[in-house]
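Dear colleague,

Please find the structure below for your records. My notes on what was found in it follow directly after.

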Amino acid sequence: MTKSIQHTLFFPHTPEVVWEYLTTAELLAQWLMPNDFQPIVGCDFQFRSKPKEELGFDGISYCKVLEIVPPKRLSYSWKAGPGNGQITLDSIVVWTLTAKDNGTELSLVHSGFKEIENFAIYQGMSAGWPIHVKKIGELINAAKHGSTIA
Amino acid sequence: MPQNMAQPSLDEFQAIADPSRRQILRLLSKERLTINSLAENFDMSRPAVSKHIKILEYTGFISIEDIGRERYCTLKQDGFNKLQDWIAFFDTFWKDKLKKLESLLNNKTTKK
């Protein structure tokens, strides 16, 4: 069972240019979210967005830089929850940049959703949840195959 | 066993973070069971098992029905539905954000 979100995009720019958009706080804010990102391994930072009450999300994403290999690979942890220091989402975002055809192939993998891994234990059980498992499988596949190629 | 362990503030994710509660769900995935017969599968006391069952009940993973003198537990869809919400949320989220990144970088090209 796939437990991650994956997207691949192509940009007619060098990896160095694309890298800037992933690792500069001001540029990140332009397309992702307001943040205090610093390209330093071990650095804690936050993304700020609108709360989503029905999701139990207070709008703050607590992240930590795990890996920086300019201009090739960037990863950070991504935690979130309903507030009061409670974390219900515990995941990892990995960006990979590959120089290709006079441009850059950018791949995003958002994975390690711990609660989904907990959920995955129900897969393939004889009774109870085939419909639900199918639904989540479709959802994840849609995310995977819906990859945008520019 | 402390009486106040069933914190009403637990959410769906915390509900299934516990191995005993996952084991309860696993057992219930095969058939509906009474609280007593569920308790037989665990080394812990019956009140401790009851506590886990209560947590699973109010987080929407199971429902409890009184039949005669027995209390039967059955799996319920609600709690499980909540679990896929994060994935669905991030799917849409990244699609939107990556579109923005694309148009941002494409504008960069036209400006040059």
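Of the 150 residues in chain A, 25% count as buried, where buried means 20 or more other C-beta atoms within 10 Å of the residue's own, exposed means 12 or fewer, and partly exposed is in between, with C-beta atoms placed from the backbone. Please note that this is a predicted model, in which local features need pLDDT of at least 70 and side-chain atom pairs count only at pLDDT 80 or more, while totals for chains, interfaces and linings use all residues. Residues are numbered from 1 along each chain as its sequence is written, and chains are lettered from A and ligands numbered from 1 in the order in which they are written.

Chain A contains four helices and six strands, arranged along the sequence as β-α-α-β-β-β-β-β-α-α. Helices (H or I, at least four residues) and strands (E, at least two) are DSSP runs, numbered from the N terminus. Among the contacts in chain A with a separation of 6 or more, 43% are between residues 24 or more positions apart; a contact requires C-beta atoms, placed from the backbone, within 7 Å.

Strand E6 of chain A (residues 103–111) pairs with two strands. Strand E1 (residues 5–11) of chain A is joined to E6(A) by seven bridges and runs antiparallel to it, with Ile5(A) opposite His110(A). Strand E5 (residues 89–100) of chain A is also antiparallel to E6(A), through nine bridges, and Ala99(A) has Thr104(A) as its bridge partner. Two strands are taken to pair if DSSP finds at least two bridges between them. E5(A) and E6(A) form a hairpin with two residues between them, and Asp101(A) in the turn has a positive phi of about 45°.

In a regular strand the side chains alternate between the two faces of the sheet. In E6(A), the covered face holds Thr104(A), Leu106(A), Leu108(A) and His110(A), whereas Gly103(A), Glu105(A), Ser107(A), Val109(A) and Ser111(A) are on the uncovered one.

The largest nonpolar core has 21 residues, and those touching the most other members are Phe11(A), Val18(A), Leu106(A), Trp86(B), Ile87(B), Phe90(B) and Trp94(B). Such a core is a set of buried Ala, Val, Leu, Ile, Met, Phe, Trp, Tyr and Cys residues joined through C-beta atoms within 7 Å. At least two residues each come from E1, helix H1 (15–23), strand E4 (73–80), E5 and E6 of chain A and from helix H6 (85–111) of chain B. H6(B) gives the most, with seven residues. Beyond its neighbours within four places in sequence, Val18(A) is in contact with Phe11(A), His13(A), Leu97(A), Thr104(A) and Leu106(A). A second, separate core of 17 residues includes Ala15(B), Ile16(B), Ile24(B) and Phe61(B).

In chain B, three strands form an open antiparallel sheet in the order E1-E3-E2. Strands E1 (33–34) and E2 (62–67) of chain B each have a single partner strand, so one side of each is left without a neighbour in the sheet. Helix H2 (residues 19–30) of chain B packs on this sheet, touching E1, E2 and E3 of chain B, and its direction makes about 90° with that of E3(B); axes are lines fitted to C-alpha atoms, for helices over the stretch in contact, and angles run from 0 to 180 degrees between N-to-C directions. E2(B) is joined to strand E3 (residues 70–75) of chain B by six bridges, and Glu65(B) has Tyr72(B) as its bridge partner.

Yours sincerely

Methods. Contact = placed C-beta atoms within 7 Å.
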